[in-house]
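Please find below a short note on the model under review. The points take up the contact between the chains, then a sheet, then the division into domains.

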Amino acid sequence: MLGVENTKCECGHQNSVGTVLCESCGKPLETDDLSDLPLEMRYDGVARRSQKSNPNFIDRIWNFFSSVKIAIHMIVITFLTAMLGTIYPQENTFINNFDPSVYYEETYGLPGKLYYLFGLTHTYESWWFIGLLVMIGTSLVICSLDRVLPLYRALSKQQIRKHPQFIQRQKTVFRHQLEDDEEQWSDQFGAQLKRKGYRIHRDGTALLAEKNRFSRWGPYINHIGLILFLLAILARSIPGWQMDSYVTVPDGDTVQIADTNYYVKNEKFTVEYYKDEELPDKLKGTARAKLFETKAVLYECVSKCDDQLQEPVLEEVKRHNIVVNEPLKYKGLKLYQFDFDTTPRLNAVRPVLVDKRTGETYGPFELPMKDSPLQHKLGPFTLDLYANYMEFAIGDNGEPVTLSRDPVAPAFIFTVKGPGLDPAGEPYLYFPMQKDKVKFSQDTINAAVAAKIEIRVDGMENVDFSEASTYLNVRMDRALPYVWVGAAFSMIGLLMGSYWQHRRIWLRIDNGELSLGAHTNKNWYGMRSDVATALQKTGIAVDPKSLDNGGNNA
Amino acid sequence: MGKSRKTVQIVILVAVLIIGGYAIGSALFSGKDEGPLKAGSEPPQFELADLDGHVHRLSDYKGKAVVVNFWGTFCPPCVKEMPEFERQYEKWKDQGLVILAINLSEDTLTVNNFVRRFDLHYPILRDVNRKTERSYGLKSYPTTFFINRDGSILEIKVGGMTEADIDERIERLLQR
Amino acid sequence: MNLVDFSSDAFIVAFFLYCFAFMFYVIAIAGKKWSNRDPFQHEKRWGRIAFIASSLGLASHLTFFFTRWAGSGQIPTSNMYEFMTFLGMAIMIAFTIVYAIYRKALLGMFALPLTVIIVAYASVFPQEVQPLIPALQNVWLKVHVTTAALGEAFFAVGFAAGLMYLLRVIDFKGKTKEARRSQFWVEFSLYSIVLIVGFIIAVFAFRGMGYEAQFVQEQSKIDAKGIESTTSETVNYTLPPIVKPYNSDIVQMDSFLGMDAPIFEAPYWMNGVNSGRKLNTVVWSVIAGSLLYGLLRLIFRKPLGAVIHPLMDGVDPEDLDEISYRAIAIGFPIFTLGALIFAMIWANIAWGRFWGWDPKEVWALITWLYYSAYLHFRLSRGWQGLKSSWLAVIGFVIVLFTLIGVNLVIAGLHSYSGV
């Protein structure tokens with residue numbers, strides 16, 4: 001546009017560039033708009049902050065983000081890309097070792113490979129998706145700021161007597177030749193509206209009735225909430241603000257929580273299943289968990305934490321029975337029940353040594369599966385631990401080997417010294433588990449010594465094993481309170497904006513001719529019925545629908 | 001009015017640039033840190049005790065060629081490799097080769113017996129609670145990391161090697 | 001008779017009351033043109049009768065809901081059957097609220113069949129009370145599910161009004177490219193609704209016949225130690241298997257119209273036995289729905305849109321547009337609260353994270369973003385009326401996909417079962 005646009009209204013008010021309706025009297029300023037269609041009332045026709053005649057580079061960026069049209073485009077692009085992310089499972093749904101570059105191609109073929117190559121396997125962590133969210137956040141700030149301030153100014157200094165064109169080109173209008181006294185009728189009409197919760201402003205016979213202006217701020221409060229929400233989410237990437245890891249704790253064990261100074265002990269894990277009579281026919285006989293619980297103790301390491309040679313010194317800080325939905329909470333750290341494994345694990349046995357020749361029993365002695373003492377003295381006998389195996393087997397070369405590091409099929413080789421035995425000691429192979437004893441024929445291997453002595457466990461009370469392991473999910477989220485505050489703001493704003501509507505009625509009487517115009521930001525139906533009821537009460541019967549001046553429902 | 005508006009615009013745009021840049025930046029770079037270790041990346045630090053109670057830190061060996069091997073007595077190819085590493089250690093140690101063999105959280109007796117049986121002289125480190133193993137993202141055993149003098153990984157070898165394989169790699173490692 | 005049985009009876013009563021209410025609404029609208037009556041009085045009278053019937057239906061439905069709750073000891077929203085019946089009930093609540101504001105009998109003509117279809121669809125799923133797994137035993141879950149469903153119900157009313165707007169304003173005699181395109185898509189929307197009806201009919205027909213088939217699929221897995229283990233999964237079909245699960249064998253199969261073996265096998269990328277069954281269900285829906293649609297076309301001898309269009313004469317399209325917008329504007333905050341905020345609170349309690357990009361969560365977010373785009377579009381010039389009605393219709397498709405499609409197509413934490 002060449003030259004300076006004339007933005008001075010005939011009422012003498014100087015408007016800024018981009019103003020649609022005079023900020024003072026409301027007369028439409030677009031001189032080429034000679035129609036009598038309802039006016040565009042958005043933001044009360046005031047100029048947005050960003051509207052300027054000579055935009056420079058910064059203005060252009062500002063204007064880009066200030067446009068609702070652009071904002072809608074960004075919303076649409078965001079949900080379309082979010083859809084793409086749900087086609088195949090995302091990478092983060094796999095907890096254990098898995099190689100995405102192989103997995104997707106193996107499972108889904110070529111589409112899976114392309115899915116991986118385009119980075120859609122981590123859509124929601126990708127820079128472009130985050131970028132979209134950042135742009136939406138920017139748009140929320142700039143759009144709101146650009147509109148709320150001028151709108152606030154316009155609404156806080158409204159003129160009561162509006163230009164006839166302004167009134168007659170509202171979406172809800174009414175014209176009538178008054179026969180009664182003008183002042184009196186206006187008083188009456190105002191009183192009726194007052195009863196409906198309107199605030200009445202008078203300027204002679206001109207009248208402005210307004211209600212629920214606060215609902216105009218709803219969208220902006222909602223946007224503030226959303227910005228807070230987005231910032232809170234962003235804050236989670238600050239180191240130490242967020243943690244999400246898993247820890248497996250067998251019954252009775254104490255395990256360090258990775259990357260923290262905390263240790264967690266599982267004193268006892270229990271699982272309860274639904275009984276058959278509690279289940280519908282279809283599910284009878286299936287193991288459907290009803291409750292699982294970990295009796296957990298949280299410790300904090302107070303000294304020797306990083307010492308490789310000494311045991312850390314732990315201090316109990318919290319004790320809690322963790323069940324689903326009831327995590328252990330301590331200083332922002334939360335331990336959730338995630339899963340469990342009911343494979344039993346042998347921890348220790350308390351066997352006795354029996355001298356078969358005399359029938360004498362010695363012991364019992366404590367034999368842990370891991371890191372057992374190297375020597376046990378039992379009466380006249382001495383047991384020197386020579387070797388131990390976690391999962392005993394005979395290797396290819398005929399030598400004993402272990403197949404794993406977990407006590408699946410433990411075995412111990414002792415050198416036994418004592419009465420009637422070789423003074424240098426005789427080897428004795430001991431399997432704590434009965435099944436292994438039979439499988440590897442313990443007595444045959446031990447040969448001669450098996451006739452003299454026996455190491456055995458008497459009764460289950462001398463067996464210490466973990467019935468199950470609990471899987472706990474360790475979480476920490478310091479941004480959480482801000483997330484809720486953001487959500488609350490956003491919700492309050494939404495409610496304000498949706499369930500209340502800002503309604504205004506302008507009225508002027510010129511020589512007995514009544515002109516009435518009404519505007520609302522939502523719900524024209526309610527607007528019309530407000531006007532029609534008030535008119536009816538003052539003796540003017542009118543069908544609400546006839547007040548409609550056409551145009552669109554905004 | 002014009003002046004203050006301009007300041008507000010610039011302040012907001014700069015804030016957006018910083019916050020948004022941080023968000024997008026951390027999305028761009030976090031993915032790379034978390035991925036499995038690759039040749040060229042930095043190996044995670046560790047601090048572990050050996051069988052004699054000496055503490056070894058990976059950082060102690062900065063500037064030296066280091067071979068970090070994860071092994072267990074329950075893994076036959078590891079068992080086969082260990083004496084081969086011993087021979088290689090004897091061969092190259094004068095040129096500054098360091099071998100750190102990290103045991104996969106086994107029983108003290110088991111490790112001691114093994115070391116005595118094969119008469120190993122390079123440090124055998126004890127990784128209690130599988131901590132180091134996890135930080136290295138181990139999936140199968142044995143796994144050997146060849147670490148350059150500059151502290152970057154030359155190669156990660158998953159699975160057993162022949163002695164010639166080891167020799168060739170160590171030679172390459174020492175030349176760099 | 002225990003409470004749960006009683007509640008089932010109340011449910012059947014509600015279902016029939018809805019059907020009757022629907023018929024009354026049709027009489028109220030279509031009957032206006034019948035001879036020797038005042039159209040205005042006729043609509044008022046029958047509209048009132050219909051509203052009473054639908055309100056009684058809702059009362060009965062509420063009775064079902066609360067007696068089942070009392071009888072089973074847990075809020076009936078925990079499986080697909082219970083959730084869909086609840087959604088149907090929520091639509092009736094939303095309809096009743098919107099009807100109370102606008103008093104348009106016509107709205108009932110569209111909202112009630114929607115409820116009837118959803119309630120019938122619910123009956124397809126197993127109806128036993130199922131005990132809850134621990135993760136689902138929380139008050140926030142109940143709050144989340146019910147609030148979200150209520151929000152979605154308002155979107156459903158917005159959809160009904162939007163569809164009515166389209167049927168009202170689209171020129172079904174028009175020959176221009178534009179008109180033809182609109183006609184096609186309206187017809188397509190109606191066809192999709194018929195497909196769902198077809199699906200329900202197919203399921204009930206074969207259930208009535210007692211049809212059964214069973215397949216077993218063997219899957220071999222190699223575990224960390226390199227040991228191969230084979231697991232076999234079986235699946236029961238209640239619809240004749242046109243498509244069998246990938247790489248599966250027949251255990252038992254009833255013959256249907258001489259069909260003794262499945263015709264196709266599901267493609268390899270459809271993992272698991274259940275995806276084969278789901279695909280089969282989709283194929284049957286298309287077949288049954290298309291047959292039904294063909295039958296309707298044979299009876300009326302013109303497109304369904306053109307059949308309904310004349311009924312809409314005399315309705316103010318502006319009112320429909322306003323109702324559609326209003327319903328969505330009322331539903332949006334409820335949906336935000338239920339499907340996002342309450343969902344986050346619950347997720348935070350149950351899993352320790354308020355958001356995990358689970359497919360169901362993502363689709364709730366997509367729905368929310370879609371409707372927020374809709375609300376912003378309404379602010380722009382030229383997006384009211386026709387365009388916004390299309391948006392309302394498409395929006396409900398997204399809602400349905402979030403509710404049902406995600407479970408059928410993508411598996412996530414929300415483990416409602418499918419047919």
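**Notes on the contact, the sheet and the domains**

1. The contact draws on 32 residues of chain A and 32 residues of chain B. The model is a predicted one, and the remarks that follow should be read accordingly.

2. On the side of chain A that touches chain B, the elements giving two or more residues are α1 (57-66), α4 (127-156) and β16 (381-389) of chain A. The largest share of that side comes from α4(A), with 7 residues.

3. As to residue class, the side of chain A that touches chain B comprises 14 nonpolar, 11 polar and 7 charged residues.

4. Chain A also holds an open sheet of 4 strands, in the order β5-β6-β7-β8, with antiparallel pairing. At its edges stand β5 (254-256) and β8 (313-323) of chain A; each has a single partner strand, so one side of each is left without a neighbour in the sheet. Neighbouring strands of this sheet are turned against each other by 25° on average, direction ignored.

5. Strand β5(A) pairs with β6 (residues 262-273) of chain A in the antiparallel sense, over 3 bridges. Within β6(A), A:Lys265 is the bridge partner of A:Thr254.

6. Turning to chain B, the domain assignment divides this chain into domain 1 (1-35) and domain 2 (47-175). The centres of domain 1 and domain 2 of chain B, taken over C-alpha atoms, are separated by 46 Å.

Key: Residues are numbered from 1 along each chain as its sequence is written. Chains are lettered from A and ligands numbered from 1 in the order in which they are written. This is a predicted model: local features need pLDDT of at least 70, side-chain atom pairs count only at pLDDT 80 or more; totals for chains, interfaces and linings use all residues. Two strands pair if DSSP finds at least two bridges between them. Axes are lines fitted to C-alpha atoms, for helices over the stretch in contact, and angles run from 0 to 180 degrees between N-to-C directions. Two residues are in contact if their C-beta atoms, placed from the backbone, lie within 7 Å. Ala, Val, Leu, Ile, Met, Phe, Trp, Tyr, Cys and Pro count as nonpolar, Asp, Glu, Lys and Arg as charged, and the others, Gly among them, as polar. Domain bounds come from an automatic or database domain assignment.
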